[in-house]
Amino acid sequence: SFVLVSGASGYIAQHTIRILLAKGYKVIGTVRTQEKADSVARLFNNDNLALELVPELADIDAFDHVFEKYNTQIKHVIHTASPVRYNMTDFENEMLLPAINGTKSVLESIKKFSADSVETVVYTSSISALANPAGIFEPETTLTEESWNPDTWEDAIKDVRSAYFGSKTFAERSTWQFIEENRDQVKFQLTTICPGYVLGPQAFDENAKGHLCYSGELVNGILTSKPGDTIDQHLAGAFIDVRDVARAHVLPLEDHRFANQRLVLMNKRFALQDVADYISGNFPELKGKISVGVPGSGADTVETTSKYDNSKTRELLGFDFVPFEKSVTDSVDQILAANKE
Ligand code: NDP
């Protein structure tokens with residue numbers, strides 16, 4: 001039997017696939033193009049990884065051919081694929097519909113082709129599904145596993161941040177709604193995972209070169225900055241390391257306590273300035289070469305963000321999260337080494 005992981009070219013997906021393969025699972029990864037399939041296959045170099053093409057999540061039957069091909073061989077599904085970028089203008093077609101249709105398509109395909117075999121579905125949601133862009137900056141609010149972003153479709157199409165937050169919210173809602181409406185027709189248990197800003201190295205060193213994914217650019221943007229460049233003083237919120245996110249995606253396959261749970265993955269609150277300060281303080285070779293931003297301002301910025309209580313998630317997971325300092329160190333080391341080659 002197989003675990004299907006959508007978005008196998010992605011940052012979180014590759015760490016997740018690495019754990020799955022190490023544990024002996026057979027994995028089907030979906031990617032958009034043959035070129036990406038070849039590249040992912042070469043990186044993992046593992047006969048237990050098969051790759052299939054799903055060119056566009058927005059297509060309502062995007063996943064049908066994959067589930068039709070493997071049907072009852074698919075036992076678990078981890079759906080990570082979703083647009084994660086802020087450089088777009090058509091919020092509905094480039095962000096909201098791919099996120100929502102992609103998610104519905106996965107679930108409908110399970111129902112059509114693999115209803116009897118799929119036992120677990122893990123959906124990668126986000127802390128953006130807990131609150132809207134203003135709601136993560138309400139110091140009096142404590143966000144938990146029960147919190148929901150209240151934005152409507154109209155709110156979600158007004159700017160790109162709201163669109164990303166809306167895309168995660170509506171897509172996650174559609175998963176819980178699907179379970180409610182199809183209880184008799186599918187047997188799988190659902191777990192949704194809501195990570196904060198995900199930091200930490202790429203799964204493969206060679207992916208740490210050049211322009212990185214959204215998360216990767218948080219650290220890389222500081223490393224490629226010039227003295228005097230601005231460091232976004234409004235970027236702050238929840239931090240979690242990518243390796244913790246990947247572990248959390250695999251546990252629900254093995255432990256029934258995760259059935260019908262929503263996990264909030266955050267270790268601590270941070271500001272982008274804290275990343276800059278940590279790099280300046282710990283990588284003396286970069287002194288004078290990169291921006292220092294506004295040193296020491298991170299703590300005040302963090303106080304402007306919402307608080308989090310994810311004690312329920314921490315207890316379920318039962319492992320300690322990777323510390324912020326290790327996460328940043330490992331990313332910086334990897335990026336510096338990759339760009340030296
Ligand atoms: P990546 O950008 O690395 O991965 C996103 C994946 O989705 C890629 O494989 C990408 O394919 C695929 N994808 C995006 N748009 C489409 C589309 N229209 N059609 C088909 N495939 C598409 O980001 P992450 O690994 O960080 O994100 C994975 C998941 O985690 C997402 O659901 C994201 O919302 C969620 N998340 C991420 C956080 C973070 O800080 N990184 C925080 C919270 C949640 P391609 O490589 O071809 O572009």
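Me: Is R85 buried, partly exposed or exposed, and what's its relative accessible area?

Reply: R85 is partly exposed, at a relative accessible area of 34%. Keep in mind that this is a predicted model.

Me: Which side chain does R85 meet in a salt bridge?

Reply: That would be E94, with 3.2 Å from N to O.

Me: How many salt bridges does the structure hold?

Reply: There are 13 of them.

Me: OK, what does R269 pair with?

Reply: R269 forms a salt bridge with E303, and their closest N and O atoms are 3.8 Å apart. R269 is in strand β11 (residues 268–271) and E303 in helix α10 (residues 298–303), so this pair ties together parts 34 residues apart in sequence.

Me: What about K326, what's its salt-bridge partner?

Reply: D330, with the closest N and O atoms 2.9 Å apart. Both residues belong to helix α12 (residues 324–340), where they sit four residues apart, about one turn of the helix.

Me: Why does D330 count as buried?

Reply: Because its relative accessibility is 19%, and buried means under 20%. K326, on the other hand, is partly exposed at 42%.

Me: Which residues are linked with K326 and D330 in a network?

Reply: D241 and R243; the four are linked by salt bridges.

Me: Switching topic. Where do α1 and α2 touch?

Reply: On the α1 side you have Q14, I17, R18 and L21, and they meet V40, L43 and F44 of α2. By type, the residues of this contact are five nonpolar, one polar and one charged.

Me: At what angle do those two helices cross?

Reply: Roughly 45 degrees, and the axes of α1 (residues 11–22) and α2 (residues 34–44) come within 12 Å. The two helices are therefore oblique to each other.

Me: Left-handed or right-handed crossing?

Reply: Right-handed, as α1 passes α2.

Me: Now N45, what's up with its phi?

Reply: Its phi is near 45 degrees, which is a positive value in a residue other than glycine. N45 lies in the loop between α2 and β3 (49–53), and at 66% relative accessibility this residue counts as exposed.

Me: What phi does N260 have?

Reply: A positive one of about 60 degrees, although N260 is not a glycine. You'll find N260 in the loop between α8 (242–250) and β10 (261–265). This asparagine is partly exposed, with a relative accessible area of 41%.

Me: Last one: which residues is D277 in contact with, leaving aside its neighbours within four places in sequence?

Reply: V292, P295 and G296. D277 itself is in helix α9 (residues 272–282) and is partly exposed, with 24% relative accessible area.

Me: How far apart are D277 and G296?

Reply: In sequence, 19 residues; in space, 7.1 Å from C-alpha to C-alpha.

Me: Great, thanks!

Technical notes: Residues are numbered from 1 along each chain as its sequence is written. This is a predicted model: local features need pLDDT of at least 70, side-chain atom pairs count only at pLDDT 80 or more; totals for chains, interfaces and linings use all residues. Side-chain values use heavy atoms; hydrogens and water are left out. Axes are lines fitted to C-alpha atoms, for helices over the stretch in contact, and angles run from 0 to 180 degrees between N-to-C directions. Angles under 35 degrees count as roughly parallel, over 145 as roughly antiparallel, 65 to 115 as roughly perpendicular and the rest as oblique. A crossing is left-handed if the near helix is turned anticlockwise from the far one by less than a right angle, and right-handed if clockwise. Contact means heavy atoms within 4.5 Å. Ala, Val, Leu, Ile, Met, Phe, Trp, Tyr, Cys and Pro count as nonpolar, Asp, Glu, Lys and Arg as charged, and the others, Gly among them, as polar. Buried means under 20% relative accessible area, exposed over 50%, partly exposed in between (1.4 Å probe, protein chains only).
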